[in-house]
Amino acid sequence: DRCLEEFFAQGDKEKALRLPVSPNCDRDTTKKAACQVGFITYVVSPAYEVLAMILEPVEDRILPVLQSNIEFWKGEEEKSGESTTEQ
């Protein structure tokens with residue numbers, strides 16, 4: 001929620017300046033579960049996959065947790081009718 005609030009604050013400033021609102025920064029249209037799936041899939045996981053090449057425990061301890069988080073948020077998407085394609 002903290003990350004989303006930071007995104008939304010940015011979006012609010014962009015709206016106030018009449019700029020296009022960045023993806024996932026519009027509090028009126030961003031869907032939390034879809035945003036989480038995308039953020040973990042395209043930002044967090046790739047970073048930890050690189051880290052796992054350097055620190056072996058990351059592969060065994062962290063990557064499975066990230067995959068579990070992605071599955072959780074996909075389930076939340078399905079429950080709420082959200083879609084990652086809308087983001």
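Colleague: Where does helix 2 bend, and by about how many degrees?

Modeller: In this predicted model, helix 2 bends by about 40 degrees at Ile40, and Ile40 is also one of the buried residues of that helix.

Colleague: How do you know that the length of helix 2 agrees with what its residues should span?

Modeller: Helix 2 runs over residues 32–54, and at 1.5 Å a residue its 23 residues should span 33 Å; the C-alpha atoms at its ends are 32 Å apart, which agrees.

Colleague: What do the buried residues of helix 2 pack against?

Modeller: They pack against helix 1 (2–16), helix 3 (56–61) and helix 4 (63–80), and among these buried residues are Cys35, Val44 and Ala52.

Colleague: Why is Thr30 called buried?

Modeller: Buried means under 20% relative accessible area, and Thr30 has 14% relative accessibility, so Thr30 counts as buried. Thr30 sits in the loop between helix 1 and helix 2, where its side chain reaches the backbone oxygen of Asp26 at 2.9 Å.

Colleague: What makes you say that the buried residues of helix 4 line one face?

Modeller: The buried residues of helix 4 are Leu66, Ile70, Trp73 and Glu77. Seen down the helix axis, these residues fall within an arc of 70 degrees, and therefore they line one face of helix 4. They pack against helix 2, whereas the face turned away from the buried side carries Glu78 and Lys79, which are exposed.

Colleague: Which residue just after helix 4 takes a positive phi?

Modeller: That residue is Gly81, with a phi of about 80 degrees.

Note on methods:
Residues numbered from 1 in each chain as written. Heavy atoms only, no water. Helix = DSSP H or I, 4+ residues; strand = E, 2+ residues; numbered from the N terminus. Expected span 1.5 Å × (residues − 1). Bend = angle between axes of the 7 residues up to and from the residue. Buried < 20%, exposed > 50% of the residue type's maximum accessible area, 1.4 Å probe, protein only. Contact = heavy atoms within 4.5 Å. Polar contact = N/O pair within 3.5 Å; in protein donor to acceptor, adjacent residues only side chain to side chain. Arc of directions from axis to C-beta.
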